[in-house]
Amino acid sequence: MNRIVVLTPLIILLIICIFSLTYLLSGKDPNKPPSALLNKDVPSFESSSLYNSKKVIKTKDIKNKKTLINFFASWCSPCKIEHPLFFEIRKKYPQLYLLGFNHKDPTSDAIKYLEDDGNPYHFVGVDSDGLIALEFGVFGLPETYLIDEDGKIIFKFMGPITKDILKNEIEPLL
Amino acid sequence: MSSLVGFLSLVFAIGINFYLFLSRYIFKFQKQKFNLFTRFSSLLTLLSFFSLMYAYVVSDFSNYNVFQNSHSNKPLIYKISGTWGNHEGSMLLWLSILSIFSFFFSFTKNIDESFKRLTLIIQSLLHILFGLFIIFTSNPFLVNSILVNEGLGLNPILQDPGLAVHPPILYGGYVGYSIVFSIAIAGLFQNTDDEWLYVAKKWSLISWTFLTGGIALGSYWAYYELGWGGWWFWDPVENVSLMPWIAGLALVHSLMMVRGEQAIKKWIIFLSILCFSLSVFGTFLVRSGILTSVHSFAADASRGIFILLIFFIVTGFGFLVFLLKEPKKSKTLNLLFINKVSALVINNILMIIATLTILLGTIYPIIIEVLYNKRISVGGPYFNATVIPIMIPGFLLMSIAPILSWQTNKIQNSKKYVLGFIILSVLVLIQSYFLNFNTWGFVGLLLGFWIILASIIAIFSSYNVKFNIKFFQIINPHIAHIGVGIAIVGITCSSVFQNELDFNLNEGDEFNVNGKKVIFEKIETTNEINFQSLRGNFLFDIEKKQSKKIEAGKNYYPVSKMITSEAGILHQWNRDIYFILGDQKNNEWFVKVLINPFVSFIWLGVVIMIYSGFIAVTKR
């Protein structure tokens with residue numbers, strides 16, 4: 001009996017270490033939680049265009065077409081890294097609708113950024129107060145979502161997308 | 001240059017510790033020399049740490065770590081605190097504090113010399129483990145491969161005076177337990193006499209006091225910087241500091257009570273190992289990036305695995321020695337229905353259950369994610385519903401525990417306590433009846449005031465009141481408990497009776513907060529050295545001549561492109577009025593006002609606990 005009591009800490013230690021090790025080795029990243037939004041309906045949003053505040057995009061406007069939503073900002077340097085990839089996507093998949101949300105950015109900075117680096121998006125919506133990002137549960141910029149024709153989120157990625165991710169994870173869904 | 005000095009002295013210090021470690025088995029040398037070598041290696045480690053600090057102070061961007069985490073525009077204090085405001089530097093701080101503790105321990109006089117040497121050898125082993133960890137996975141002295149003349153800045157949320165000193169003090173607690181750990185292990189190996197228990201008591205008190213200060217600073221920072229109006233969030237990072245704190249509390253109490261009983265001695269050794277294990281576990285959880293928070297600087301799997309390995313070795317070694325080498329049999333426990341020993345046993349059991357409950361809540365998300373690939377978070381509701389009820393009987397007991405007898409079931413002056421408790425209950429009940437009744441509020445207030453009252457009764461009825469140092473040493477346990485009572489009152493009031501008001505305001509608008517007129521004067525933006533600030537200026541209580549000015553707003557840090565919120569707090573002795581400036585929408589500003597009653601009591605209670613910690617160190 002006494003032995004078992006004394007052994008308990010060692011057993012607890014083993015359990016903790018095994019789980020922690022599995023967690024670390026499985027390549028899980030706490031910055032990339034499994035999304036709760038996956039396979040759910042896209043949150044409803046309404047946003048005006050960066051270039052013309054009268055032009056508005058709403059949730060129902062992206063119904064019946066596959067849409068790639070990307071949250072970006074001029075102050076976000078990882079966004080700059082993934083930026084050229086969107087041109088490739090647009091060229092390769094002309095039917096895919098590219099929707100960019102400019103997150104918490106002064107309008108002039110955002111316009112200048114898209115002038116300098118080019119604008120790959122079909123529509124750039126303004127999310128100056130971050131409310132749309134809040135609805136989507138954006139954790140940090142950049143973040144990318146793929147929405148299918150039924151308006152369901154079928155893919156979510158946090159951080160800059162890379163060629164590998166595009167090839168292995170996004171393209172199979174397109 | 002300074003980086004080279006730092007790196008070499010770090011390596012050299014580890015080398016000396018290898019030598020010291022092997023000295024037990026291979027090289028034999030005199031005790032005097034042994035102590036000198038220990039001190040020398042400590043000084044080298046400190047030299048290494050200060051070289052890094054020097055690189056930060058002079059903004060030496062040829063050091064990659066400085067380049068990544070500093071900026072020449074930063075005020076000097078944040079350059080200094082930048083030394084430990086990153087993963088590599090903070091691990092070096094960890095090692096330096098370990099060295100400082102070894103250094104001072106090597107001067108301890110009143111224990112057996114070979115026992116001391118054994119303790120220091122175990123310290124050397126810890127030094128080697130963490131030193132190798134720094135060199136192989138977290139070297140702060142790497143050379144920057146490109147030539148630059150400006151750095152990348154520091155996480156702006158960390159640019160805060162309270163937070164600048166928070167890590168060293170917290171580490172004083174975490175790492176201080178290493179000495180207690182080493183003493184306990186040495187105690188298992190060298191089952192000589194009980195002298196080491198007194199030495200262990202001193203060191204565990206020092207560590208616990210530092211830990212208390214560190215946790216309090218962290219939560220005070222969260223209170224005014226995070227802008228949520230709370231001071232404790234059951235965030236995993238807070239939990240990992242709370243676990244060694246509670247275990248340390250159990251340890252300190254056991255050490256004060258021990259009178260040679262074999263069972264308590266065994267228990268003390270167990271707690272000593274547990275405290276340090278929990279500290280290392282906390283370091284692992286935070287540093288491996290398994291938990292995301294302001295504390296996780298960079299997620300790197302190899303680092304995580306290395307610290308996990310250290311945690312496994314240290315804890316496994318500790319508990320294995322505990323399993324194999326039992327302390328000698330001596331006196332048995334004198335357990336009665338209600339005497340000092342039984343109170344101690346109950347209090348220890350409660351504290352350990354509380355620690356395990358927190359541990360479960362903290363690692364549960366990791367287990368679930370491994371098993372089901374689902375991310376869950378365990379937060380306030382779980383901890384409030386489990387930990388608090390577990391602690392309540394302990395709080396009830398602590399009010400009278402210091403005056404319980406060793407030998408009998410009798411309580412001195414028991415009538416006074418019963419009478420005091422009844423009067424107090426009636427008063428609190430009346431108070432709750434007139435304010436809106438809340439069960440937790442009632443329980444918390446009754447508990448808090450009961451602890452304070454019972455301690456005061458005990459001081460005045462059990463001792464001759466004299467105002468000299470000795471008297472304060474004698475009543476110190478009661479003083480510590482009064483601190484706890486005051487903190488409980490503060491915690492209860494500020495969480496249960498918090499009041500929240502939301503406004504949408506234009507500049508110049510007047511509004512009411514608790515019957516006091518407040519005016520939202522204007523929005524001001526200014527450029528500071530390293531950030532731009534936006535402040536909403538409020539005048540509180542404008543009908544009075546001395547109305548109070550409150551500034552709430554945000555800071556924008558251009559270098560790291562981050563925004564931090566800066567709450568405006570009006571501190572009054574009985575409440576804090578806490579202003580948060582939200583976003584602007586349609587020319588109106590969203591303003592949240594929180595009225596937190598008796599928050600100051602929490603900090604006052606903590607200060608009293610820290611004071612008692614220091615007083616207890618001076619007492620034998």
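**View 1. Helices 8 and 9 of chain B cross at roughly 145°, their axes coming within 9 Å.** Axes are lines fitted to C-alpha atoms over the stretch in contact, with angles from 0 to 180 degrees between N-to-C directions. The model is predicted: local features need pLDDT of at least 70 and side-chain atom pairs pLDDT 80 or more, while totals for chains, interfaces and linings use all residues. Residues are numbered from 1 along each chain as its sequence is written, and chains are lettered from A and ligands numbered from 1 in the order in which they are written.

**View 2. Residues of helix 8 of chain B meet residues of helix 9 of chain B.** On helix 8 they include B:Leu197, B:Trp208 and B:Ile215, and on helix 9 they include B:Pro244, B:Trp245 and B:Met256; contact requires C-beta atoms, placed from the backbone, within 7 Å.

**View 3. Helix 7 of chain B bends by about 30° at B:Pro167.** The bend is the angle between axes fitted to the seven residues ending at a residue and the seven starting there.

**View 4. Helix 12 of chain B bends by about 40° at B:Ile363.** A proline, B:Pro365, follows within four residues. Just after helix 12, B:Asn373 adopts a positive phi of about 55°.

Note on methods: Helices (H or I, at least four residues) and strands (E, at least two) are DSSP runs, numbered from the N terminus. Two residues are in contact if their C-beta atoms, placed from the backbone, lie within 7 Å.
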